[in-house]
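Q: I am new to this structure and would like a close look at a single part of it. Please take the aromatic rings and explain the terms as you go.

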Amino acid sequence: MTIRLLSNCKYVSRVISASEKVAIIHHWDTDGIASSVLIANTLMHRAKELLFHVPKIGFYTIESIDIERLGNFSPNIILILDYGISLQELKRLESILDAEVAIIDHHINEVWNGAFCNPIAFGYSESLYPSTTWIIKEFMGIRDANDVITLGLIGDLGKLIESHRLKDYVLKTCREYDISLTDFFKAVNILDSCYKLIDKGCIEHAREVLMRQGIKGVLSNEILNDKLRLLRIEIEHALKNINLVKDHGIVKVFNLLSDYYVTSHIGREIAYRFKNNIIVLKHSIQKLGLNYIYVRSYRYNLRNVLEKLRHEDLCVGGKDHVFVITCMSSYCKELDTVLKILTKYFG
Ligand SMILES: [Mn+2]
């Protein structure tokens with residue numbers, strides 16, 4: 001397995017270096033933004049033509065990708081970073097755009113040979129590869145951007161970094177760049193406020209600021225700080241409106257009312273309050289026309305449940321301790337299936 005993974009990652013590295021025009025599609029969260037900056041900074045030295053693209057926030061199908069914009073750019077390679085899209089969707093993208101697709105990611109996925117650098121798909125644990133920035137560091141041999149690598153780690157791990165095996169690396173980075181851990185958390189909150197507000201312009205701006213002025217630039221940027229303030233008001237409001245709708249013992253179901261993409265933010269918060277449970281959050285976002293089921297547990301590994309749900313043909317994406325299901329209708333009948341399987345495993 002290791003050899004295949006290594007050769008896949010090396011292949012990704014090679015095709016990026018050999019391509020003149022690179023389209024980078026990256027996830028909208030901090031790890032996605034940080035990963036795109038890491039790759040861009042490596043490529044910049046070689047004077048490549050780059051196009052950045054953020055998929056439609058909240059969606060994980062190729063319909064969320066602006067095919068026309070990518071087509072007009074006519075890239076040699078489309079590099080997808082930290083965006084847990086299914087293999088089937090990737091194949092569709094490759095055939096529509098007639099360009100090679102390369103992936104660097106750490107979301108659970110099927111194995112794909114070729115330009116597919118995803119240690120998790122090859123069976124490695126998430127604690128070894130907790131962020132896409134970490135995979136880029138480990139496999140692309142980046143040595144001079146520990147601050148941006150750390151940003152991705154904290155973005156995905158959140159408070160878990162405090163007991164993580166990479167804590168020492170993070171603290172060393174704090175000293176190296178004279179940025180406190182608190183400021184790293186603040187930078188993550190700032191970057192993530194963009195997608196939570198469903199504000200793509202904010203993401204483009206945040207990426208530019210991170211690329212040109214680094215983390216300190218992000219921390220002191222007024223536009224970005226305003227976004228964070230706005231989000232805090234929205235979250236306070238959403239937390240007041242949350243209610244427990246079903247109690248299955250270990251599994252607790254909540255209903256969330258908010259027209260912002262605060263599902264994971266509130267989900268983490270609730271999961272932290274119910275550390276020994278599995279929390280299920282039902283969230284309708286009218287602005288996106290989407291209904292979500294968000295499941296998180298700090299205590300229990302949900303990987304078996306996730307794989308079981310995937311076999312039930314549900315639209316599910318996630319990792320060991322968290323997964324999200326996109327409902328096909330506003331009624332969200334998928335919730336019954338999710339609860340049935342969860343209570344079977346953890347009832
Ligand atoms: Mn990530």
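Which residues do ring pairs link into a cluster?

A: Ring pairs link Trp 28, Tyr 60, Tyr 83, Tyr 195, Tyr 261 and Tyr 292 into a cluster. The model is a predicted one, in which local features need pLDDT of at least 70 and side-chain atom pairs count only at pLDDT 80 or more, while totals for chains, interfaces and linings use all residues. Residues are numbered from 1 along each chain as its sequence is written, and side-chain values use heavy atoms, with hydrogens and water left out.

Two rings of Phe, Tyr or Trp (for Trp, its six-membered ring) pair if their centres lie within 6.5 Å, and the pair counts as stacked when the planes are under 30 degrees apart, as edge-to-face when they are over 60, and as tilted for the rest. By this rule there are 14 aromatic pairs. One of them is formed by Tyr 60 and Tyr 83, whose rings are stacked, with 5.2 Å from centre to centre and 20 degrees between the planes. Tyr 60 belongs to the loop between strand E2 (49–53) and helix H3 (67–73), and Tyr 83 to the loop between strand E3 (77–81) and helix H4 (87–97), so this pair ties together parts that are 23 residues apart in sequence. Helices (H or I, at least four residues) and strands (E, at least two) are DSSP runs, numbered from the N terminus.

The two partners can also be described by their accessibility, where buried means under 20% relative accessible area, exposed means over 50%, and partly exposed lies in between (1.4 Å probe, protein chains only). Tyr 60 has a relative accessibility of 30% and therefore counts as partly exposed, whereas Tyr 83 is buried, with a relative accessible area of 1%.

Another aromatic pair, that of Trp 134 and Tyr 169, is edge-to-face, with 4.9 Å from centre to centre and 80 degrees between the planes. This pair links distant parts of the chain, as Trp 134 is in helix H5 (residues 132–140) and Tyr 169 in helix H7 (residues 167–177), 35 residues apart. Trp 134 is buried, with a relative accessible area of 5%, and Tyr 169 is buried too, with a value of 17%.

Charges also sit over rings here, which by definition requires NZ of Lys or CZ of Arg within 6 Å of the ring centre and within 35 degrees of the ring normal. Lys 137 lies over the face of Trp 134, at 4.6 Å from the ring centre, and Lys 275 lies over the face of Tyr 272, at 4.3 Å from the ring centre.
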